[in-house]
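Me: Hi! I'm new to this one, could you walk me through a few parts of it?
Reply: Happy to, let's have a look together.

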Amino acid sequence: MPEADFTVEVGDAHVAQVGHIQVRRSLPRHGRRNVGAWCFADHMGPLSVTATSGLDIGPHPHCGLQTVTWLTAGEALHHDSLGTEQLIRPGQLNLMTAGHGVVHAEEATGQYEGRLEGIQLWIAQPDATRDGPAQFEHLPTLPRVDFGHGVATVLVGEFAGIASPARHDTPLVGVDLELRGRVEVPLRADFEYALIVMSGGVDVAGSLDSEGQIGYLGLGHDSLALEAPEGAHGVLLGGTPFETPFMWWNFVARSREEAEAAYESWVRPDGRFGEVKRLLAPVMTPPPYWRTLGQARS
Ligand code: MN
């Protein structure tokens, strides 16, 4: 039975364009910008890739965030300005900490062709580390918890007493959930949570979540009952409440001025973000929208 005090705020993902592929973006969304420090969630695919054409996301900058890349099918290749070249496969985690600045590209592998599906999440960094050095981690295996009618893979943080080795700078958790029936999973009362459904349908505390939806669960719960009689796949995100950051393009900041400074450093360029030399062209963007708003007013 669903708990009476459990109200779930259900939202639909919106379709966004990343490079030439369409993604289902669950975060940020209107009225719910972040869940803990989780501030971005793009479900990519399933799409069909070739050895030479896949995500095809050219070199682009980030600051103030960690990118968490998790594939459920296929392979992709990561390059970054730290000199990293890393292939990623399902079951593995790529975690890039941008800090003050980093550049990365996400490409086809040169070998793999077939189905590609996954999710990319961003975690806003706290003031203590967001101007610090960039870092990259590849975790070839992650701990799993078997719930009988479901399996949880702990991507980041601690879940059911099992901790992922991935770096995290604020109290949070990210878990991949493969469900095939009813499971009850433990929660932390001081965390807010949301469930993003990648496939199938999940009954979350009486609210039906279907593919592409996000269910925000709030704070103050010790456990969560999930029912997926037909099977489902999703990601559970949680963390202590985190002040909503200022996000623009690939930057997580605290103000327009900070985001604008990052933009200037990328287009000039002044070396802040380093360099990744790839065949794919660097990704550019028009100037911040507030500049145009300012011109329209004057
Ligand atoms: Mn990126």
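Me: Thanks! Which residue stands opposite Ala194 in β22?
Reply: That's Leu237. One thing to keep in mind as we go is that this is a predicted model.

Me: Good to know. How many bridges join β18 to β22, and do they run parallel or antiparallel?
Reply: Eight bridges join them, and the two strands run antiparallel. Strand β22 covers residues 223-239.

Me: And which residue is the bridge partner of Ile196 in β21?
Reply: Ile196 has Ile214 as its partner there. Strand β21 spans residues 213-218, and its pairing with β18 is antiparallel too, over four bridges.

Me: Why is β18 largely enclosed?
Reply: Seven of its nine residues are buried, so the rest of the structure largely encloses strand β18, residues 192-200.

Me: Switching topic: how many cavities of 30 Å³ or more are there?
Reply: The count is two.

Me: Which strand gives the largest share of the lining of the largest cavity?
Reply: Strand β7, residues 76-80, with three residues. The lining of that cavity includes Thr69, Ile88 and Glu106. By class, it has three nonpolar, three polar and one charged residues.

Me: What about the lining of the second largest cavity, by class?
Reply: There you get six nonpolar, three polar and two charged residues. Among them are Val49, Leu55, Tyr112 and Leu116.

Definitions and conventions
Residues are numbered from 1 along each chain as its sequence is written. This is a predicted model: local features need pLDDT of at least 70, side-chain atom pairs count only at pLDDT 80 or more; totals for chains, interfaces and linings use all residues. Side-chain values use heavy atoms; hydrogens and water are left out. Buried means under 20% relative accessible area, exposed over 50%, partly exposed in between (1.4 Å probe, protein chains only). Two strands pair if DSSP finds at least two bridges between them. On a 1 Å grid over the protein atoms alone, a cavity is a set of points where a 1.4 Å probe fits but cannot get out, and a pocket is an open set with protein on both sides within 12 Å along at least five of seven lines; lining residues have an atom within 4 Å of a point. Grid points are joined across faces, edges and corners, and a volume is the space filled by probe spheres set on the points. Ala, Val, Leu, Ile, Met, Phe, Trp, Tyr, Cys and Pro count as nonpolar, Asp, Glu, Lys and Arg as charged, and the others, Gly among them, as polar.
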